[in-house]
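Subject: Structure for your review

Dear colleague,

I am handing over the structure below, and I would be grateful if you could look through it alongside the notes that come after it.

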Amino acid sequence: MSLRERKKQLTYQAVSDIAIALFVERGFDKVSVAEIAAAADISKPTLFRYFPTKEDLALHRFADHEDESARVVAARADDESPLDALHRHFLDGLARRDPITGLCDVPGVLAFMRMLYGTPSLAARMVAYQNRSESALTRALGGRTRDRLAAGQIVAVLRILAIENWRRIDTGASADQAYEGAVEAAEVAFAQLRSGIAG
């Protein structure tokens with residue numbers, strides 16, 4: 001990555017972090033783009049060059065994860081099936097308390113997730129994220145109709161597992177307390193995927 005690209009990535013991250021802090025503190029709908037630009041010390045046109053919409057400011061954190069499943073499939077060992085690789089990766093994420101698995105009780109992450117799921121426009125934009133994730137995984141699996149069907153099922157399962165984990169945490173369980181149940185749910189989910197899309 002060139003110096004210019006690194007600076008651009010740092011600016012993306014800094015502006016998004018500022019926006020998310022404001023959203024979490026005051027609520028997504030109560031913060032204007034002008035306020036975010038002022039807090040980031042950039043103009044509104046510059047902000048919109050980085051983030052075309054206000055929603056993009058909040059969902060930037062998910063951008064690196066859009067093609068995560070596709071990358072896992074592409075990087076797997078020759079003797080490992082795509083589903084086994086994704087299963088292993090999800091279990092590893094649970095063990096690391098990766099926020100993308102929903103099993104994370106860091107206060108800042110919890111506040112962000114409450115803001116995300118409590119804002120209809122952001123929850124709706126997550127559908128586009130999931131569609132892009134599904135398309136990337138479809139390509140990694142081979143691009144056929146059967147691969148699109150498999151990708152749709154896998155992305156849905158990962159989403160449901162993450163939401164259920166987050167709900168456990170949001171109702172008061174710690175990540176450590178919820179870990180065993182999260183692993184059990186993942187085992188059931190991937191067993192169902194194997195029985196449904198094997199062959």
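This is a predicted model: local features need pLDDT of at least 70, side-chain atom pairs count only at pLDDT 80 or more; totals for chains, interfaces and linings use all residues.

The crossing of H1 and H2 is right-handed. On the H1 side the contact involves Val15, Ile18, Ala19, Leu22, Phe23 and Arg26, which meet Glu35, Ile36, Ala39 and Ala40 of H2. By class, the residues of this contact between H1 and H2 comprise 8 nonpolar and 2 charged, with no polar ones.

The loop between H1 and H2 holds lysine 30, which is exposed, its relative accessible area being 64%. From lysine 30 to aspartate 64 there are 34 residues in sequence, and the distance in space, taken from C-alpha to C-alpha, is 27 Å.

Turning to helix H6, residues 82-96, I find that its 15 residues reach 21 Å from the first C-alpha to the last, which is close to the 21 Å expected at 1.5 Å a residue. The buried residues in H6 are Leu83, Ala85, Leu86, His87, Phe90, Gly93 and Leu94. After H6 comes arginine 97, which has a positive phi, near 60°.

In helix H7, residues 107-117, the buried residues are Val109, Leu110, Phe112, Met113, Met115 and Leu116. Against which helices do the buried residues of H7 pack? They pack against H1, H4 (54-63), H8 and H9 (145-170).

Finally, glutamine 130 belongs to helix H8, residues 120-141. Is glutamine 130 buried or exposed? Its relative accessible area is 18%, and since buried means under 20%, glutamine 130 is buried. When its neighbours within four places in sequence are left aside, glutamine 130 is in contact with Val155 and Arg159.

With kind regards

Technical notes
Residues are numbered from 1 along each chain as its sequence is written. Side-chain values use heavy atoms; hydrogens and water are left out. A crossing is left-handed if the near helix is turned anticlockwise from the far one by less than a right angle, and right-handed if clockwise. Helices (H or I, at least four residues) and strands (E, at least two) are DSSP runs, numbered from the N terminus. Contact means heavy atoms within 4.5 Å. Ala, Val, Leu, Ile, Met, Phe, Trp, Tyr, Cys and Pro count as nonpolar, Asp, Glu, Lys and Arg as charged, and the others, Gly among them, as polar. The expected span of a helix is 1.5 Å times one less than its number of residues. Buried means under 20% relative accessible area, exposed over 50%, partly exposed in between (1.4 Å probe, protein chains only).
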